[in-house]
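Work through the exercises below with the sequence and the model at hand. Each task is followed by a solution in steps.

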Amino acid sequence: AILAQATTRVYLSFLRTRRAPAMALLLLRSRQRAAAAVRVAARGYGTSLPIPNVLAGTGTIFHSRMQTPKYSLSNPKWFAIFFAMNLGVYFGHYFYLRFMMRQNPPNPPRDPANTGAPEKHMHTVEDE
């Protein structure tokens with residue numbers, strides 16, 4: 001156990017002296033990338049397309065970034081509301097059919113004698 005601790009100490013001191021600057025640089029870059037990804041993912045608004053810049057000498061142009069909409073939903077929120085609405089519509093429809101709309105009674109049994117039948121069908125062609 002003492003030999004393992006001594007080996008570990010030597011290895012760690014080697015890492016500190018030889019590779020510490022490179023490891024620190026890699027760690028710093030990975031943290032910066034993660035922070036940038038979180039900022040982009042947390043925003044979730046806008047467009048992924050490039051936004052054109054104003055040409056020199058054209059004056060002030062009021063583009064859409066200056067006039068933010070009053071109500072704006074990110075894509076995840078919009079699709080969550082959209083699918084929740086669709087589920088509500090379908091479940092409400094079948095709930096109404098199953099529990100609220102009255103069921104039609106079954107048809108009465110047929111009369112084997114057929115006492116209510118007319119003597120002659122109303123659409124028959126009369127032969128003269």
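## Fold and confidence

From the N terminus on, the order of elements in the protein is α-α-α. This is a predicted model, in which local features need pLDDT of at least 70 and side-chain atom pairs count only at pLDDT 80 or more, while totals for chains, interfaces and linings use all residues. Residues are numbered from 1 along each chain as its sequence is written, and side-chain values use heavy atoms, with hydrogens and water left out.

**Exercise 1.** State how many helices and strands the protein has, and which elements have the lowest and the highest mean pLDDT.

*Solution.* Step one: the count gives 3 helices and 0 strands. Helices (H or I, at least four residues) and strands (E, at least two) are DSSP runs numbered from the N terminus. Step two: pLDDT is the predictor's confidence in each residue, from 0 to 100. Its mean over the protein is 77, and 66% of the residues reach 70 or more. Step three: among the elements, the lowest mean, 60, belongs to helix α1 (residues 2–18), and the highest, 95, to α3.

**Exercise 2.** Determine what share of the residues is buried and how much accessible surface the protein has.

*Solution.* Step one: buried means under 20% relative accessible area, exposed over 50%, and partly exposed in between (1.4 Å probe, protein chains only). Of the 128 residues, 1% count as buried. Step two: the accessible surface, from the Shrake-Rupley method with a 1.4 Å probe, comes to about 13,300 Å². Carbon and sulfur atoms account for 62% of that surface.

## Side-chain contacts

**Exercise 3.** Find the aromatic pairs and classify W78–F82 and F95–F99 by geometry.

*Solution.* Step one: rings of Phe, Tyr and Trp (its six-membered ring) pair if their centres lie within 6.5 Å; planes under 30 degrees apart count as stacked, over 60 as edge-to-face and the rest as tilted. The whole structure holds 5 such pairs. Step two: W78 and F82 are stacked, at 5.2 Å centre to centre with 10 degrees between the planes. Both lie in helix α3 (residues 75–100), 4 residues apart, about one turn of the helix. W78 is partly exposed because its relative accessibility is 42%; F82, at 31%, is also partly exposed. Step three: the planes of F95 and F99 stand at 45 degrees with ring centres 5.2 Å apart, so this pair is tilted. F95 and F99 are 4 residues apart in helix α3, and therefore about one helical turn separates them. F95 is partly exposed at 43%, whereas F99 is exposed at 58%. Step four: ring pairs join W78, F79, F82 and F83 in a cluster.

**Exercise 4.** Identify the salt bridge and the exposure of its partners.

*Solution.* Step one: a salt bridge is a side-chain nitrogen of Lys or Arg within 4 Å of a carboxyl oxygen of Asp or Glu. The search finds 1. Step two: E126 pairs with K120, with the closest N and O atoms 3.7 Å apart. Step three: E126 and K120 are both exposed.

**Exercise 5.** Locate N114 and give its phi.

*Solution.* Step one: N114 sits in the segment after α3. Step two: phi of N114 is near 55 degrees, a positive value in a residue other than glycine.
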